[in-house]
Amino acid sequence: MHTLDLRDLHSTEFPIPDEMQGNIAITSLSRIYNWSRRSSMWPMLFGLACCAIEMIATAASRYDFSRFGMEVMRASPRQADLMIVSGTVTKKMVVPIVRLYNQMPEPRYVLAMGACASGGGPFKEGYNVVSGIDMYLPVDVYVPGCPPTPQALLHGLIALQKKIDGQSLANLDDVPWYGVGPSEPTPIPILGPDIIDPRQMDLIRRQAELAAAGKPYGVRELPPTIKPEPEAPKVAAKAAAPAAASDDPEKAARLAKREAALARKRAAEGGQPAETPAAEATPASGRQAAPTGKKFDKEAMLAKIRERKGQKES
């Protein structure tokens, strides 16, 4: 059983005599309030998957988290202040989980136990599993593992106690339930063809109206692109290339041969005789290229081959 030690509450700069350390404590209201809450956390009794087995083992006699004042696991959300999400959260189950969270009184905390509750785990890409309960509920502590051991869960509970110790009643950011006005309930997801966040209903409605009107919807708006440079410099560079090649006679001859070969190829593909220059003189030999405008006749070539084979056999 957890006993009170007044020296744990002493948090001021005023000295206390040694003989009175166990009888007097000078502290703040926030410190007393946080100590009472951290020492009497009541988890809600429910489990989702294999992580629930480890949570049950943590509550059993071997590990016994009643040493931390957490042994009272309540079956009703209205009597619990800690939700341990232990296991895989499916899209069908996230709806009652959020509803139970809204029924818990404040102050309330959420502990995501295991890889599935923290980020989807091995089922992250599944069609029926949410990618972490923190997409729908504010999570205070994450306990990694698949599944985490009872020691890991105890470490997460101790981390939650340390977080509670650091809260202050004067800072509304730490304890928002003491803010001005009632707190807004967490929106309950809508289960349909796919899970829908009610906070995005305006966006979904606009997309549906665009789809019904036959207009493009779900299109991402890309940032304006930089206009390409004008093509004039490239054209000028291409025009200057033959002029530069004409300075080299050998290069000019090679380019002329290439143009002639391309002309013959285009003529053969189109069935038209190629327009071959009258003379293709090379500076080395000065010979003229023979006109090559004749179309290749495959049947005539095969007939010549058969005739030669017949002469050899005879």
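Trp177 is found in the loop between helix H6 (150-165) and strand E4 (190-191). In this predicted model, Trp177 counts as buried, at 18% relative accessibility.

**Surroundings of Trp177**

- Not counting residues up to four places away in sequence, Trp177 touches Arg37, Glu106, Pro107, Arg108, Tyr109 and Gln167.
- The C-alpha atoms of Trp177 and Glu106 are separated by 6.4 Å, although the two residues are 71 residues apart along the chain.
- Glu106 also takes part in a salt bridge with Arg108, in which the N to O distance is 3.8 Å.
- Arg108 counts as buried, at 10% relative accessibility, whereas Glu106 counts as partly exposed, at 35%.

**Backbone geometry**

- Most residues other than glycine have a negative phi, and most peptide bonds are trans.
- The peptide bond from Glu106 to Pro107 is cis, with omega near 0°; Pro107 lies in the loop between helix H4 (94-103) and strand E2 (109-113).
- A further cis peptide bond joins Cys146 and Pro147, with omega about -15°, and Pro147 belongs to the loop between strand E3 (141-143) and H6.
- Asp64 is a residue other than glycine with a positive phi, near 55°.
- Asp64 lies in the loop between H3 and strand E1 (82-86) and counts as partly exposed, at 26% relative accessibility.

**Thr58 and its contacts**

- Thr58 lies in helix H3 (residues 51-59) and counts as buried, with 0% relative accessibility.
- Leaving aside neighbours within four places in sequence, Thr58 is in contact with Tyr63, Asp64, Phe65, Pro150, Leu153 and Leu154.

**Salt bridges**

- The count comes to four salt bridges.
- One of them joins the side chains of Asp165 and Arg38, at 2.9 Å from N to O.
- Asp165 lies in helix H6 and Arg38 in helix H2 (residues 29-38), so this pair ties together parts that are 127 residues apart in sequence.
- Within the pair, Asp165 is partly exposed, with a relative accessible area of 33%, while Arg38 is buried, with 18%.
- Lys163 forms a salt bridge with Asp140, and the closest N and O atoms are 2.9 Å apart.
- This pair links distant parts of the chain, with Lys163 in helix H6 and Asp140 in the loop between helix H5 (114-119) and E3, 23 residues apart.
- Lys163 is partly exposed, with a relative accessible area of 36%, and Asp140 counts as partly exposed, at 24% relative accessibility.

**Cysteines**

- The structure holds zero disulfides.
- For Cys51, the closest cysteine sulfur is that of Cys50, 4.8 Å away, which is too far for a bond.
- Cys51 counts as buried, at 5% relative accessibility.
- For Cys146, the closest cysteine sulfur is that of Cys116, at 5.4 Å, again too far for a bond.
- Cys146 counts as exposed, at 56% relative accessibility.

**Second largest pocket**

- The second largest pocket holds about 160 Å³ of space.
- Its lining consists of Lys91, Val129, Val130, Ser131, Met135, Tyr136, Ile195, Ile196, Asp197, Gln200 and Ile204.
- The residues of this lining divide into seven nonpolar, two polar and two charged.

Note on methods. Residues numbered from 1 in each chain as written. Predicted model: local features only at pLDDT ≥ 70, side-chain atom pairs only at ≥ 80, totals over all residues. Heavy atoms only, no water. 1 Å grid on protein atoms, 1.4 Å probe; cavity = no way out; pocket = protein on both sides within 12 Å on 5 of 7 lines; lining within 4 Å. Points joined across faces, edges and corners; volume = space filled by probe spheres on them. Nonpolar A, V, L, I, M, F, W, Y, C, P; charged D, E, K, R; others polar. Disulfide = S-S within 2.5 Å. Buried < 20%, exposed > 50% of the residue type's maximum accessible area, 1.4 Å probe, protein only. Helix = DSSP H or I, 4+ residues; strand = E, 2+ residues; numbered from the N terminus. Contact = heavy atoms within 4.5 Å.
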